Amino acid sequence: MKRAGKVVIEKLASGVPGLDDVLGGGLPLYSFNIIAGEPGAGKTTLAQHIMFRNASPESPALYFTVLGEPAIKMLRYQQQFSFFDADKLGDSIRFISLTDEVLERGLTGVMARIVREVEETNPGFVVVDSFRTLVSALSAGPPSDAEMQAFTQRLALHLTAWQTTSFLVGEYHESDKQNNAVFTIADGIIWMTQAPDRNSVVRKIQVVKVRGQEQIPGLHTFRITGDGLRVFPRISLTRREAHRRDSKSRVSTGVTGLDEMMGGGIPAGDSILLAGPTGTGKSMLATQFIAAGAAQDEAGVLTVFEEHAKDYLARAEVLGFGLDAMIKEGTLEVIYLRPLDLSPDETLHEILEAVERVGATRVVIDSLSGFELALAPTFRIDFRESLYRLISALTGRGITVLTTMELAQHDTELRFTPNVISFLADDLLMLRYVEIDQALRRVIGVAKMRGSQHSKDFREYEITGSGIRLLGGLDGFQGRISGAAFLTRGT
């Protein structure tokens, strides 16, 4: 017996950056979807973003409003977004008020009006906003569960039979997921939230359900900008490292002598951490690392948290590193991130987009201390996990990642990093101060390199007008780690 071929469900691009990835490739065509959440979560903006991106004269959209804000008021605010297209109003998009039907004719009148409009228009998209308001505003009082389920089933059958992709927009609470029959009938459920945490607010989106395709589970952050919604899919730990470069190849740090201390340079695709107290030249070494990449025809991305990018670049120009020229040539992109409500996923997507634009193989994050401060408080709790996912996502693409970390120096103990994050780095450089002959000097040591031989010595270095320059070792001195080095007798 010949087996029937598998039915292929066409996927519709939502037009919302990042959302299709979370959905598993897009919205199933002709699906019956719910956009749910509390007031102010962004439900209407999401529905209209999808509608304006997809509606056309050949596949028009009907947007039914129910006792919410009048269409003219809604359009007044929605036209502030770049996705809004006034030319689509009328031919491609029609707004229809169901207020009279809700107040005077109940569920039967609502159904009749929707059926009539859909049959006359043959739309590709239908939105009912807000479905929850429709239920609570009926003149005869809220319907029974059986009546509501029967109405929802009839509506769903009509919409799917007409081959339209439909959305019911409503204000729901978590408890409704188990108790409301509409969630059982829906092909897709998109849940939106905004949660205040101290002085910040974090918006999250979850695809609770989508039939016939594998979505990315979990909560994903999103922002509402002048372009509408942008979703930042949660960083996955399961991405294959197919593009990780050959670990036998090395990239230069840009500091003469330091490559030799590291056995020939940084293994390509490694994560390297520079840890040390303030003033030890971490940012300067990071700048030299980017400039050294240019000398080897490697593009880079520089992510700055603690100072304005203009000041960062101005200092680099004084030192002669030529970052401005790299930017003009399109081989360097500088990202300045300093809000106090970032998510790790948003940061990663900013970096990856810049990596794609310039073809970067080197990334600098300066600094992890500033990065942690820029995160919304809810993400600081899991900072180590977030950092692990971010760095793994970058090195998994074959990118050599250099990060800096502010570290308070203690003379009575040796600490490589706060928050126990040194395990995130393949290679670790320790920068410290030591006192020698009543003078404060800087030293550098290679504390760790995974799978590679390296120097075990401390080397003194100085910060010059052209960058970091290594000096001699500290042979004959003891107490180098304590910060108060002294010559051994007889040396």
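A residue is taken as buried when its relative accessible area is under 20%. Glu-101, at 6%, is therefore buried. This residue belongs to helix α4, which spans residues 99-121. Beyond the residues up to four places away in sequence, Glu-101 touches Gly-106, Gly-109, Val-110 and Arg-113.

The model described here is predicted. Its mean pLDDT is 85, and 86% of the residues reach 70 or more. Over residues 238-243, however, the pLDDT is below 50, and this stretch has seven contacts in the model beyond near neighbours in sequence. A further stretch, residues 483-491, also stays under 50 in pLDDT. For residues 483-491 the model has 24 contacts beyond four places in sequence.

Because its relative accessibility is 0%, Phe-64 counts as buried. With residues up to four places away in sequence left out, Phe-64 touches Ile-96, Leu-98, Ile-114, Glu-117, Val-126, Val-127, Val-128 and Asp-129. One of these contacts, Val-127, is 63 residues from Phe-64 in sequence, yet the two C-alpha atoms are 5.9 Å apart in space.

Strand β8 (residues 188-197) and strand β9 (residues 200-210) pair in the antiparallel sense over ten bridges. Within this pairing, Gly-188 has Val-210 of β9 as its bridge partner. The two strands form a hairpin with two residues between them, and in the turn Arg-198 has a positive phi of about 55 degrees. Strand β9 is also joined to strand β10 (residues 220-225) by two bridges, and these strands likewise run antiparallel. Here Ile-205 stands opposite His-220 in β10.

The largest nonpolar core has 38 residues. Those with the most contacts inside this core are Val-301, Val-363, Phe-371, Leu-390 and Leu-394. Two or more residues are given to the core by each of the strands β14 (271-276), β15, β17 (360-366) and β18 (400-406), and by each of the helices α13 (344-358), α14 and α16 (383-395). Leu-390 is in contact with Ile-235, Pro-344, Thr-347, Leu-348, Ile-365 and Phe-371, leaving aside its neighbours within four places in sequence.

Aromatic side chains were considered next. The structure holds eight aromatic pairs. One of them is formed by Phe-305 and Phe-371, whose rings are tilted, with a distance of 5.2 Å centre to centre and 35 degrees between the planes. This pair links distant parts of the chain, the two residues being 66 residues apart. Phe-305 lies in the loop between β15 (299-304) and α11 (309-318), whereas Phe-371 is in helix α14 (residues 368-374). Both Phe-305 and Phe-371 are buried. Elsewhere, ring pairs link Phe-52, Phe-81, Phe-83 and Phe-84 into a cluster.

Charged groups also sit over aromatic rings. The charged end of Arg-76 is placed over the ring of Tyr-77, 5.6 Å from the ring centre. The charged end of Arg-362 sits over the ring of Phe-289, at 4.5 Å from its centre.

Terms used. Residues are numbered from 1 along each chain as its sequence is written. This is a predicted model: local features need pLDDT of at least 70, side-chain atom pairs count only at pLDDT 80 or more; totals for chains, interfaces and linings use all residues. Side-chain values use heavy atoms; hydrogens and water are left out. Rings of Phe, Tyr and Trp (its six-membered ring) pair if their centres lie within 6.5 Å; planes under 30 degrees apart count as stacked, over 60 as edge-to-face and the rest as tilted. Helices (H or I, at least four residues) and strands (E, at least two) are DSSP runs, numbered from the N terminus. Buried means under 20% relative accessible area, exposed over 50%, partly exposed in between (1.4 Å probe, protein chains only). A charge sits over a ring if NZ of Lys or CZ of Arg is within 6 Å of the ring centre and within 35 degrees of the ring normal. pLDDT is the predictor's confidence in each residue, from 0 to 100. Contact means heavy atoms within 4.5 Å. Two strands pair if DSSP finds at least two bridges between them. A nonpolar core is a set of buried Ala, Val, Leu, Ile, Met, Phe, Trp, Tyr and Cys residues joined through side-chain atoms within 4.5 Å.
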